[in-house]
Amino acid sequence: MSTAGPVFNHEDFISDRSKNRKINHFWKSVPALDNPHPDPIQLIGGQPNHGFFPVESATVELRDKPFSPSSTAIFNIEAEPSDSTKLGIKDAFQYSEDAGLEPLREQIREIVKRVVKPISPDWEISCTQGGSDGIMKVFDIIINPGDVVLFEEFTFTPVLSLLKEKGGIPIPIKLENCFSSSPSLDYADELTNLLENWSTIHPGLPTPKILYTIPSGHNPLGLAKSIKTKQRVYDLATKYNFLILEDEPYAYLSFTKSDEEPNFSLSNDEFLASIRPSYLTIDTVGRVIRTETFSKVFSPGLRLGFCVLNKAFFKNFTDSFRVYNKGPSGYSQLFVNNTINQLGGVEGWIHWIIQVRNEYLKRKNAFVNALKTSKAHENGYLTVIDPDCGMFVSVILNVQNHKLFNGDNIDEVVDLLYANAAQNGFLAVLGRNMTVDKEFSRERSNFLRCAISYASSSDVLIEAAERLSTSLLQSFNN
């Protein structure tokens with residue numbers, strides 16, 4: 001049962017910028033006619049006839065699974081397909097609706113129903129130009145200058161730049177449990193304390209308007225919130241009346257722990273049961289907005305994602321497209337829509353995602369196990385956070401065991417260790433580079449975020465673990 005709070009009204013959260021936005025539709029000048037012509041000649045829009053498009057058709061070969069050299073299917077992209085669930089060049093290469101082309105939007109709706117399972121019926125989807133574009137547009141329609149946004153203290157920092165453009169103020173939430181002996185993305189206690197003592201901790205700042213969270217495969221820490229933690233956070237959102245922006249680029253890359261027997265033969269139902277439930281499964285009033293992207297399970301270069309949001313926000317969201325960058329590429333929508341169609345619809349798409357997840361699970365286990373069996377780990381120089389899902393493994397550098405550590409020079413010791421690792425050909429991201437506030441998080445920034453996504457094989461990741469171990473041995477024992 002959610003905690004009682006102020007009456008929730010979507011209109012209260014719309015930014016002044018979005019409320020006052022006037023869209024000029026110069027083409028909407030057709031008078032209302034009692035007897036409209038049955039076959040009018042349309043000379044209004046400036047879109048070119050599809051006969052001008054240089055591409056008449058295209059052929060696509062699909063892989064059976066990641067890294068497979070053979071194609072499992074070949075399909076043609078036609079100018080005007082007879083199947084209404086497919087997109088053709090005529091429509092995809094044309095100007096289109098800002099929320100996306102309807103065949104793809106319908107596919108995404110079916111995915112959301114099957115996978116995300118929102119509890120409220122009052123939701124709609126809009127396609128976006130990737131996940132970051134969806135986040136930017138949420139900030140555009142919600143954030144006024146001076147509004148406060150809560151963040152996990154370590155986060156995908158480009159989002160901070162998006163917020164700054166809108167004049168928002170980021171406030172970090174401590175992630176102490178992420179660095180415990182049993183790491184977890186449970187910060188409900190820390191958030192409760194922050195909100196209960198808001199006027200003392202942050203005097204002069206308004207109470208938060210929205211929480212930005214990466215709840216599954218957290219970037220950079222790789223951990224995932226349990227549904228119990230999500231319920232506690234949602235109850236706080238209800239009590240203190242703020243929105244939740246659920247950014248989920250990694251949710252489908254769901255893992256078992258490295259010491260568990262992996263299952264690479266999951267059925268679709270078994271796989272979906274392994275995914276952490278969305279905030280939307282407990283949101284009855286529409287205070288949760290979810291962003292997703294096809295970047296991690298299809299291709300980042302397509303710049304295509306989608307947003308699930310309450311219908312009360314939908315017009316403001318699509319108006320944001322009309323002001324900034326219009327809708328996503330029709331060609332990208334065509335590619336994704338027709339690929340899902342060719343794979344057999346939603347169930348075939350889920351099967352493809354399982355194959356992607358399996359490859360990531362193999363990589364994750366290989367890298368984590370190589371680190372855990374390394375001499376650096378045996379000597380207490382590093383600790384591995386075995387991720388719940390996602391594309392990253394974070395490695396804590398145990399600087400407290402280094403002879404140069406004096407209790408107050410974490411950054412200096414981390415820099416020394418990292419420089420030696422780089423010299424040995426190991427590169428990763430410094431934890432402090434992914435903070436909302438470097439000083440706030442300094443004591444917890446002694447880790448490296450290691451991406452397992454770009455390496456050509458698990459063997460490369462095992463070699464990377466060996467290089468890091470060798471570097472730490474040299475640095476600690478020198």
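**View 1. Ile244 stands opposite Val288 of strand 8.** This is a predicted model, where local features need pLDDT of at least 70 and side-chain atom pairs count only at pLDDT 80 or more, while totals for chains, interfaces and linings use all residues. Residues are numbered from 1 along each chain as its sequence is written, and side-chain values use heavy atoms, with hydrogens and water left out. Strand 7 (residues 243-247) and strand 8 (residues 288-293) run parallel, joined by 4 bridges. Strands (E, at least two residues) and helices (H or I, at least four) are DSSP runs, numbered from the N terminus.

**View 2. Here's the open sheet of 7 strands, in the order 3-9-8-7-6-4-5.** The pairing is mixed; two strands pair if DSSP finds at least two bridges between them. Strand 3 (123-128) and strand 5 (169-173) sit at the edges, each pairing on one side only.

View 3. On the domain 1 side, 36 residues are in contact with 31 residues of domain 2, contact being heavy atoms within 4.5 Å.

**View 4. Lys257 and Asp388 join their side chains in a salt bridge (3.0 Å, N to O).** That term takes a side-chain nitrogen of Lys or Arg within 4 Å of a carboxyl oxygen of Asp or Glu. Between domain 1 and domain 2, the count is 3 salt bridges. Strand 4 (148-152) and strand 5 each supply at least two residues of the domain 1 side that touches domain 2. Strand 5 gives the largest share of that side, 3 residues.
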